[in-house]
Amino acid sequence: MDLPYGRGGSGDEEASDSRKGKKQYHRHSAQQIQHLETFFKECPHPDDNQRRQLSTELGLDPKQIKFWFQNKRTQKKAQNERADNNALRAENERIHCENLAMREALKNIMCPACHGAGLGEEENQQSLQMLRMENARLKEEHERTMGFFSNYVENSNMPPGTENLSNVPGNSFPGKRVETTVPLDHEQIPRHPEMINSPYNPSGIKEMDKSIIIETAIAAMDELVELLRMKEPVWVTSPSDGRYMLHRDSYDKLFPKPNHFKSSSARMESSKDSGEVAAPAINLVEMLLDSNKWKDMFPTIVTKARTIDVLDTGSFGGSLHLMYEKMHILSPLVAPREFFFIRYCRQLNASTWVMVDVSYDFIKQIQDAAPTRSWKLPSGFMIEEMSNEKSNITWIEHIQVDDKTLTHRLYRDLVCGCQAYGARRWIATLQRMCERFTFSTGLTARPTHELEGVIDSSEGRRNLMKLSHRMIKNFCEVLGMSDRLDFPYLSELNNSGVRVSLRKSDGQGQPDGLIVSAATSLWLPFSIENLFKFFRDEKKRAQWDILSSGNPVNAIARISTGADPGNCISVIQPFVPKENILILQESSIDSLGATIVYAPIDLPAVSSVVNGEDTMKIPILPSGFIISSDGRFTSNKGSGASAATSSSTTSGSLLTVAFQILVCCSSRSKQLNMESVATVHTLISSTIQKIKVALECPDLE
């Protein structure tokens, strides 16, 4: 029954005299309250229609219904808070009692050996310090003994078949250890000026720091070995390119650790890949432990590498190096990555080695003032010996990086998609370099070609390949543009995307004088293979090579460096009347990219190289192209880590063009600098336009 507002429904009304100005209070009946309670359990937040329906059913005003539900929700919230507080208070009291019981038990602890009273905190610290001092003394004694033994072995005539101690399985690794270490080059590794006399100078690492470094290396090795053995759900397949990547939640549960970078723009990069390499495992271990050979094996990735120190006591079953590397690939539009890290190598059995790299806070203190934007989590590879002088290598890359804002938009898909520095690129580069090495030593039969026999001397071919390899390394180092100079009134250069640097020759295999370098990158709607064939075609070279003046060129000699016909070194004769100028060119292609690098060289220099003279005496100034995928996948084929390839799944390619010219003057006048910059800028801009015209895309931005 509907009742008027203010008098509805309560059996016990308490009304005061309205003439006295007092408010009326109403109590709901038990039946009304029970109905409201039942509805509240199902819907604590009724809408307007539900409130009107309840009002009709109970004979209450809609406002009364609204206020009742508000009060009920407030009451319910207060009850829940009181219950939570009581539970937390009881848990706190329980933990407090347990803490008191543990403290009391620690006071009454007894030695398990003699059942005597335990030592106090101060006595424990003194005992620990004495153990550390004894440990340091024993290590020094061990090193002196090993040094004496090494000198004795070197000075004695060892009978045939006697092995060096470092080659014994379980006592670590092949080859020499400390003797092959490259000392730290303080000029090339950046650090604080005040760190020169620092106690953290690499030449004098404290004993306590060594023990912490060893513990860090062992923990990183254990984590890497576990990651190498694990599959799903820790490793999952990327839907874009088919690579194996870490599942973050599964990894964090197994190996919880705080993030090194706290910024929101930081990201994790992880990848895993494996492949067969044409080199014995023991040779790979020797090369990858040597920082110079490490740089030589990955010239398109590692531009600088140094061994800072070697901590190899043999007591922890491995070889431990403190190293520095600078990685930079593709283009000056991509920021380089620098790492100070621990490299620990351990032999698991007679045919398997594992090498792990991990960044470390202590080594970070000798860097330059600018903070590093890359941090290496336990990464590395496992090398397994196979038959036929080959090895199977499984590679894991796992880093945290904060460089998205430093990477040009052209390369963000490639770099941020873990393709530029991922495990697949390391494997592909290692396979390509090992193939090149086998061809240089004659271990692999070379393909038949009419120009293969021009240089018939095997020593001459190896010497020319050595010179060409130096040319490749020099070209890749130029792309870093670390010594780039700013020219205030050349803003058009920056807007056009051309990066220019001016440096003085260091005299090591380079012509004397000032060298101007310029590089630019652009996107082209062609596959890597098609662009590679275009630049290698001698008949089409006149279409883009300004130095050929529109005249054809002719290859007069060739050395194969791989099974693919495009992997070769060529000696090209351009049409230059009255000048004995040749062009040394090396072209290389793998599953992820291609390079074409060339440099002018005079005929007498080529003859001297073929005759076996020192290649470091030959000055060389390379230019060339780097072709890579754009990282923008349009389809996905295959499900394995190596199923997707850049040529079949990407929409186009990224081309980097770099030129160098020599300014034959040691003066750094502003006018001369600007004239040289203008010259190389005109050269590279004209080349880009000619390439677009030849590829029938002149209007491409």
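Reader: In which helix do Arg248 and Asp252 lie, and how many residues apart are they?

Author: Please keep in mind that this is a predicted model. Arg248 and Asp252 are both in helix H6, which spans residues 248-254, and they are four residues apart, about one turn of the helix. Their side chains meet in a salt bridge, with an N to O distance of 3.8 Å.

Reader: Are Arg248 and Asp252 buried, partly exposed or exposed?

Author: Arg248 has a relative accessibility of 25%, so it counts as partly exposed. Asp252 counts as partly exposed because its value is 36%. The cut-off that matters here is 20%, as buried means under that value.

Reader: How many salt bridges are there in the whole structure?

Author: A search of the whole structure gives 22. Another of them pairs Arg541 with Asp545, at 3.1 Å from N to O. Both Arg541 and Asp545 are buried.

Reader: What about Asp403, which residue is its salt-bridge partner?

Author: Asp403 pairs with Arg337, and their closest N and O atoms are 3.3 Å apart. This pair links distant parts of the chain, 66 residues apart: Asp403 sits in the loop between strand E10 (391-401) and helix H10 (409-416), while Arg337 belongs to strand E6 (residues 337-349).

Reader: Why do Asp403 and Arg337 count as buried?

Author: Asp403 counts as buried because its relative accessibility is 3%. For Arg337 the value is 1%, so this residue counts as buried too. Salt bridges with shared partners join Arg267, Glu269, Arg337 and Asp403 into one network.

Reader: Where is Glu269 placed, and with which side chains does it make polar contacts?

Author: Glu269 is in strand E3, residues 267-277. Its side chain makes a polar contact of 2.8 Å with the side chain of Arg267, and one of 2.9 Å with that of Arg337. Glu269 is buried, at a relative accessible area of 4%. Leaving aside residues up to four places away in sequence, Glu269 touches several residues, including Glu397, His398, Ile399 and Cys418.

Reader: Changing topic: which residues of helix H15 are buried?

Author: In helix H15 (residues 603-610), the buried residues are Ala605, Val606, Ser608 and Val609. They lie on the same side of H15, because they cover an arc of only 160 degrees around the axis.

Reader: What covers those buried residues of H15?

Author: The cover includes helix H12 (458-478), strand E15 (581-589) and strand E16 (593-602).

Reader: And what is found at the start of H15 and just after it?

Author: At the start of H15, a side-chain oxygen of Asp602 comes to within 3.0 Å of the backbone nitrogen of Ala605. Just after H15, Gly612 has a positive phi of about 100 degrees.

Reader: A histidine next. Where is His328, and is it buried or exposed?

Author: His328 is in the loop between strand E5 (319-327) and E6. With a relative accessible area of 3%, His328 is buried. A polar atom of its side chain lies 3.0 Å from the backbone oxygen of Ser331.

Reader: Which residues does His328 touch, not counting those up to four places away in sequence?

Author: Among them are Thr300, Ile301, Val334, Pro336, Tyr421 and Leu479.

Reader: How many disulfides does the structure hold?

Author: The structure holds zero disulfides. As for individual cysteines, Cys97 is partly exposed, with a relative accessible area of 48%, whereas Cys434 counts as buried at 3% relative accessibility.

Reader: Finally, the chain as a whole: how many helices and strands does it have, and what share of its residues counts as buried?

Author: The chain has 17 helices and 18 strands. Of its 701 residues, 45% count as buried. Among contacts with a separation of 6 or more, 66% come from residues 24 or more positions apart.

Notes: Residues are numbered from 1 along each chain as its sequence is written. This is a predicted model: local features need pLDDT of at least 70, side-chain atom pairs count only at pLDDT 80 or more; totals for chains, interfaces and linings use all residues. Side-chain values use heavy atoms; hydrogens and water are left out. A salt bridge is a side-chain nitrogen of Lys or Arg within 4 Å of a carboxyl oxygen of Asp or Glu. Helices (H or I, at least four residues) and strands (E, at least two) are DSSP runs, numbered from the N terminus. Buried means under 20% relative accessible area, exposed over 50%, partly exposed in between (1.4 Å probe, protein chains only). The arc is that of the directions from the helix axis to the C-beta atoms. Contact means heavy atoms within 4.5 Å. A polar contact is a pair of N or O atoms within 3.5 Å; within protein, one must be able to donate a hydrogen and the other to accept it, and residues adjacent in sequence count only if both atoms are side-chain atoms. A disulfide is a pair of cysteine sulfur atoms within 2.5 Å.
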